[in-house]
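Here is a short briefing to read alongside the structure.

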Amino acid sequence: MKEGLNKVGRTLRTAGRVLSVKHTVLQSDYADMHQKELGENLRTMTNRNIAYVSISEWNRKVMRWIWICIGLVIFIEMLLFIFYQPVPECSKSQYWETFVLRPSVAIVLEALFMEVVFRLFGNLLGEHVVTVVFLLMQFLLLGTVVAVHSSVPYMCMILTYPVIFANVYREKIFRYIALVMCVMVYAAITYEVIPSTEFKPDNSREVYLVIFIGFTIVAFSFSKVLTSVVVNFEKENQKISEEKEKILEISQRDSMTGLYNHKLFYEKLDEELQRCDTEHHLSLVIIDIDNFKSINDTFGHATGDNVILKIVSIIRENMEESDIAARYGGEEFGLILVGKGEMEAFNIAERIRRSVEEATVEGVERKVTISLGMMEVRPKDKNGILLFKEVDAALYEAKQTGKNKTVCRGWKKGKDNAYSYRNFSS
């Protein structure tokens, strides 16, 4: 009769633990779903922010850079005007009108049009349309400079600048648009769809020196702008990485205690089992709060939470940095004691048990006790689930034989080097 009741009790307890594990697994699955949802929201949010920075903010930088370049171009044209030596085909005043005044007015008007589009119609047209307009106006502006100074060899190379700029944008389509525009403007200048100046002045060394210095300054200013974008991009990437790490950390932790959750407990256990050998000891402990349902029913769930937090604080006090603790179920905790053999782990478990027994919890008018099951892992044990089952059997024995004790399911090596059970308890 007694054996039958014990069997029924074990069956009920096993069923209860299965339900508890399933409930914890469901919580873990929910945490995974929540993590994926948070991760997706984070990716959407950060991608939107990066797109905003890489388009609108970059367009602002380009606009500022264009005004700087326009000022530099006008300055260069003024220097070229100063160095120009009049010839019968082109007087000083004709040179001024053809090579300084007209192109300067044209590029300033083109830049003003870009400013108007960006500031007044940016929100209405949208980032992508504004960017296409920006690219078009950049090529028209540079095309004006190339057409006016067609006598300068390789002046057409400045048409490649917007193509280089377009690589900063995230969307590949802008690079292809810039490439097509570059080819079209070059063809328009070559086949005189965009007319060049009829007079081709002879360029002296001074002229080439001024042009070289001017475009060197332009390239330097562009490199500064590009560097600032790269730095901002790296900062955004760092921010995203930190947010992802925070989300991952949240998904791996029990929200109330801060301990690892059920899923990560098994992952860590599997990692340590792979390292376990005759020199690298490993012990597993399961802790269950005695009569926890009665505590909740008698003193309330808020007090029950205080009991859990008190026990967690005691567990932390008796752990080393290399050890791993997890909240396995509602009132159950798992400990992976790394580098600790049977007796050392047993002593740690006993310290935790005695500290809990001696502790006082606000709102609880009786002693709080725990039962513990433990076992040192054999080097050949590599299955975390089966190992947990053995430790669970030790915990069950602690529960069935009076509670408030630690039961160790040890392994004794015989003369034939075979292992056999040898349980002992506090």
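Strand 1 (residues 282-289) and strand 3 run antiparallel and are joined by seven bridges. Please keep in mind that this is a predicted model.

**Strand 3 and its partners**

- A hairpin of four residues leads from strand 2 to strand 3, and Arg327 stands opposite Phe333 of strand 3.
- How many residues of strand 3 (residues 332-338) are buried? Seven of its seven are, leaving the strand mostly covered.
- Burial holds for both sides of strand 3: Glu332, Gly334, Ile336 and Val338 point one way, Phe333, Leu335 and Leu337 point the other way, and all are buried.

**Helix 6, a helix with a buried side**

- Helix 6 covers residues 172-190, which makes 19 residues. From its first C-alpha to its last it reaches 28 Å, close to the 27 Å expected at 1.5 Å a residue.
- The buried residues in helix 6 are Phe174, Ala178, Met181, Cys182, Val185, Ala188 and Ile189. They lie on the same side of helix 6 because they cover an arc of only 135 degrees around the axis.
- The spacing of such residues has a simple background: an α-helix has 3.6 residues a turn, so residues three or four places apart point the same way.
- Which exposed residues sit on the face of helix 6 turned away from its buried side? That face carries Lys172, Tyr176, Val183 and Met184.
- Just after helix 6 comes Glu192, which takes a positive phi of about 60 degrees.

- Met78, Trp96, Leu101, Val105, Leu109 and Leu112 make a nonpolar surface patch of about 510 Å².
- Where does the largest share of this nonpolar patch come from? Helix 2 (residues 92-120) supplies that share, with five residues.
- Leu101 is a handy one to pick out in the viewer, and it is found in helix 2. Its relative accessibility is 40%, so Leu101 counts as partly exposed, a class that lies between buried at under 20% and exposed at over 50%.

Technical notes. Residues are numbered from 1 along each chain as its sequence is written. This is a predicted model: local features need pLDDT of at least 70, side-chain atom pairs count only at pLDDT 80 or more; totals for chains, interfaces and linings use all residues. Side-chain values use heavy atoms; hydrogens and water are left out. Patches are made of residues with over 30% relative accessible area and no salt bridge: like charges are joined within 9 Å, nonpolar side chains (Val, Leu, Ile, Met, Phe, Trp, Tyr) within 5 Å. Accessible areas come from the Shrake-Rupley method with a 1.4 Å probe; for residues, only the protein chains shown count as cover. A salt bridge is a side-chain nitrogen of Lys or Arg within 4 Å of a carboxyl oxygen of Asp or Glu. Helices (H or I, at least four residues) and strands (E, at least two) are DSSP runs, numbered from the N terminus. Buried means under 20% relative accessible area, exposed over 50%, partly exposed in between (1.4 Å probe, protein chains only). Two strands pair if DSSP finds at least two bridges between them. The expected span of a helix is 1.5 Å times one less than its number of residues. The arc is that of the directions from the helix axis to the C-beta atoms.
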